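Visitor: Hi! Could you walk me through the aromatic rings here?
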Amino acid sequence: MRLTVIGCAGSAPGPSSPASCYLVQHEEFCLVLDLGNGSFGALQGLVDPTDVDAVYLSHLHADHCLDAAPFIVWHRYSGRSDGRAVPLYAPVGADRRLATAYDPAGGPIDDVFDVTPIGPGSWTLGPFAVTTARTAHPVECYAVRLAVGGRSLVYTGDTGPSDAVVELARGADVLLAEAAYPEGPDLPPGLHLTGRQAGELAAKAGVGRLLVTHVPAWVDAGAQLAAAREVFADTELAQHAAVHQI
């Protein structure tokens, strides 16, 4: 399994990275996790959109889904689409949300996306065994575990501290965990993790390696990394265009 970081900026695109988007490949299968704003352009630099086999959206906040709109434009008007509707897995209401983001009239998008609503559970997607868990976030959001060939990757999406996400990540080879909050008192509960909390999640779950991601441009990414490493030493900072073999 190969993970390529397309976008890792939290809450909005940053000066050095688009918002959340990750390309996961195994053999010839290409899965995109999230399509945050600014990510579709960077994605095209690494893979032809016709080669995207499926899209998984953790939730429907703009920084995780809004570049579905240019994805639609490309498929409808580039003249390069093969006409195949791309399987898209997302929380209930994604078809309406994305249709409205593309066009206020909210016309159907089923010519581009074959939308499957998700919840907590398990299924097979291409070569991957997929398991999802509801996270601690104000809107419906699902962390995802991908397993293939005896290796596993867990992506938290957006979450505050969550026992369900700890269990989902149990023993994973790589945990891709958000760390949007800077350390500080009186942080709102059930929204995001701090760097230290991302490290605590990795330690509780007993993962092999932690990649800290979703750090907003206005938060010190180095401090988030240092805070995570205080409790989980094998931690790296996700960076735009970085490739990780899992």
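Visitor: Is tryptophan 123 buried, partly exposed or exposed?
Guide: Tryptophan 123 counts as partly exposed, at 22% relative accessibility. Buried means under 20% relative accessible area, exposed over 50%, and partly exposed in between, with a 1.4 Å probe and protein chains only. Keep in mind that this is a predicted model: local features need pLDDT of at least 70, side-chain atom pairs count only at pLDDT 80 or more, and totals for chains, interfaces and linings use all residues. Residues are numbered from 1 along each chain as its sequence is written, and side-chain values use heavy atoms, leaving out hydrogens and water.

Visitor: Got it. How many aromatic pairs does a search of the whole structure find?
Guide: The search finds 5. Rings of Phe, Tyr and Trp (its six-membered ring) pair if their centres lie within 6.5 Å; planes under 30 degrees apart count as stacked, over 60 as edge-to-face and the rest as tilted.

Visitor: Which one is edge-to-face?
Guide: Phenylalanine 29 with phenylalanine 128 is one of that kind, at 6.0 Å centre to centre and 75° between the planes. The two sit 99 residues apart, in strands β3 and β8 (strands are DSSP runs of E, at least two residues, numbered from the N terminus). Phenylalanine 29 is buried at 16%, and phenylalanine 128 is buried at 1%.

Visitor: And why is the pair of tyrosine 89 and tryptophan 123 stacked?
Guide: Because their planes are at 20°, with the centres 5.7 Å apart. This pair links strand β5 to strand β7, 34 residues apart. Tyrosine 89 counts as buried, at 14%.

Visitor: Which residues form an aromatic cluster?
Guide: Phe40, Phe71 and Phe113 form one.

Key. Helices (H or I, at least four residues) and strands (E, at least two) are DSSP runs, numbered from the N terminus.
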